[in-house]
Amino acid sequence: MKTKYITTGILLVILSACEGFLDVVPETVVTSTNFFQSQEEFEQAVGGIYAPLQDLYEQDWILTEMRSDNTYFIYDVANRGSKPEEDPATFLVENNNRNVEDKWSDNYLIISRANQVLAAIDGVSFDQAARDNLTGQVYFLRALAYFDLVKNYGGVPLFLEPATSYEGTFLARSTISEVYDQIIADATAAAGLLPAKADQSPGRATEGAAHTLLGDVYLSLKRWADAENALKPVLNMGYDLLPDYADIFRPNNEGNDEMIFEVGYLAGTSQPLGSEFPYRFLPVLSDPSVITGVSPASQNDNGAFNTPTPDLLQAYEDTVKDQRYAASIGFYSGGSPLVGVTYDHTPYIKKYQHPHVRYNDTDQNWPVYRYAEVLLLLAESLNEQGKSPEALPYLNQVRIRAGLNGIMAAGQSELRSLILNERRIELAFENKRWHDLIRADLAISVMNAFGAEVKANPQNYYYAPGNAAFPASFEVTENQLMYPIPITEIIINPALEQNPGY
């Protein structure tokens, strides 16, 4: 111990005497000042901005799809370590929920990296077309991150350039309006800079992706005419519906004509780049290979989440004609390693179950925007402007591809419900339903009614006999339309104010 104090004292003397020496950055260290020197380095940096999307979408379903009446979880009475994943579904989220913290951190990591690139890219000379492409991607990714933040937390700190001091890392929350203004500015800039899909590298943002994001943003703000203007150009950008719904999601069909933007994963590498979420959407099984066909396998203890609800199954208009039913949902019957649970035609998400080689390591990408959604967003924007006859053909394109009959006529109110339900089915398990309910001003009423069903019939919602939802569950109010600001952020930044109710 004495030696430790002597060594520490000597070190302090050396450091105080050599303060100037410490300002010299070793030649082997990469910094923002010595890295951004060429087109190739900017391409690497922009690739790094995409990277956090993998973590974000590995768990985004917890705070979106499971927050809605589309999916629930199979209750594991013997393992309560999964409660932070269950709480968003039962509206019992606390301000230290790890998933809420991770979403915040992942989005700000994207924003931080985007700001570093934007601050440097105009200071280096290289091909203008490449510069525009890279800059457009950065604006798109920053807009996407801020859109995710504002939808889930409300007004958030608005960082638009790299922090250059410790104090600069602490900002108060901007207003919701200010955040949306910046999202629109970024997405608009991206749309003017990005190339068409045919001229873009696979997996990167395109002109069509920026227009789709912009249309989605305008719909969230109920600026229907602006949404129409943003979305209509996408109709002429070379996208199309695939004849077979199941083909959209196959890993060997990535970048297909319907996919506008997706988060890419890569299995079989020495790095954790593969996707694990398909295993989380299975029932917990001693040997998941009975569904996946992949051996050797071990018990998927992190499974039994995002389980389709009886409510969603009943929302399908025709489970025989509608090809989306068989493509999206599978069923399993058999024994279970969970206490008190036996699987009896228990549904699971089939949409993301595809052949792969190694247990818990797949090439399954996550769809963020598809052409079918553009058609439904456009139909919604037109209907809300009183243009119901003009909206119908876009809705019917989606229905007819699915194997259903087109709708011949509908008034505005009826068509509004039809579009909402079509989005529920077409985009099931793509993290859209919760925010659709919020936009439609239905989240509180729908989720309170859903919660009443869960409490009244717990075995229908995957609780073993003798178990049920906590009594305080599903007391849904206006406060639950936003998640809490992570308490860890408030502790280090007292300028942040917590959302009401947390």
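Me: Which residues does proline 88 touch, not counting residues up to four places away in sequence?

Reply: Proline 88 touches Ile62, Leu63, Met66, Arg67, Val93, Asn97 and Tyr483. Contact means heavy atoms within 4.5 Å. This is a predicted model: local features need pLDDT of at least 70, side-chain atom pairs count only at pLDDT 80 or more, and totals for chains, interfaces and linings use all residues. Residues are numbered from 1 along each chain as its sequence is written, and side-chain values use heavy atoms, with hydrogens and water left out.

Me: Why is proline 88 called buried?

Reply: Its relative accessible area is 0%. Buried means under 20%, exposed over 50%, and partly exposed in between (1.4 Å probe, protein chains only). Proline 88 is therefore buried. The residue belongs to helix H6 (residues 83–90). Helices here are DSSP runs of H or I with at least four residues, strands are runs of E with at least two, and both are numbered from the N terminus.

Me: What puts glutamine 59 in the buried class?

Reply: A relative accessibility of 18%. That is under the 20% limit, so glutamine 59 counts as buried. It sits in helix H5 (residues 52–63). Leaving aside neighbours within four places in sequence, glutamine 59 is in contact with Asn99, Asp102, Lys103 and Asp106.

Me: Why is leucine 193 called partly exposed?

Reply: Its value is 27%. This falls between 20% and 50%, so leucine 193 is partly exposed. Leucine 193 is in helix H9 (residues 176–193). It touches Asp132, Asn133, Thr135, Gly136 and Tyr139, not counting residues up to four places away in sequence.

Me: How do you know whether asparagine 133 is buried or exposed?

Reply: Asparagine 133 has a relative accessible area of 16%. Under 20% means buried, so asparagine 133 is buried. It lies in helix H8. Beyond four places in sequence, it contacts Leu193, Leu194, Pro195 and Gln200.

Me: Why is the pair of phenylalanine 140 and phenylalanine 261 called edge-to-face?

Reply: The structure holds 38 aromatic pairs. In this one, the ring centres are 5.0 Å apart and the planes stand at 70 degrees. Rings of Phe, Tyr and Trp (its six-membered ring) pair if their centres lie within 6.5 Å; planes under 30 degrees apart are stacked, over 60 edge-to-face, and the rest tilted.

Me: Why do phenylalanine 281 and tryptophan 366 count as edge-to-face?

Reply: Their ring centres are 6.4 Å apart and their planes at 75 degrees. The distance is within 6.5 Å and the angle over 60 degrees, so edge-to-face applies. Phenylalanine 281 is in the loop between helices H12 (277–280) and H13 (289–292), while tryptophan 366 is in strand S6 (residues 366–370), 85 residues away. Both are buried. They also belong to one aromatic cluster, whose members include Tyr57, Trp61 and Phe305.

Me: How do you know that a charge sits over the ring of phenylalanine 147?

Reply: The charged end of lysine 151 is 4.3 Å from the ring centre. The rule asks for NZ of Lys or CZ of Arg within 6 Å of the centre and within 35 degrees of the ring normal. Arginine 131 lies over the face of phenylalanine 126, at 4.6 Å from the ring centre.

Me: Which residues touch the most other members of the largest nonpolar core?

Reply: Leu53, Tyr72, Phe140, Tyr146, Phe261 and Trp366, out of 134 residues. H8 gives the largest share, 13 residues. A nonpolar core is a set of buried Ala, Val, Leu, Ile, Met, Phe, Trp, Tyr and Cys residues joined through side-chain atoms within 4.5 Å. Tyrosine 146 has contacts beyond four places in sequence, among them Tyr108, Val156, Phe159 and Ile183.
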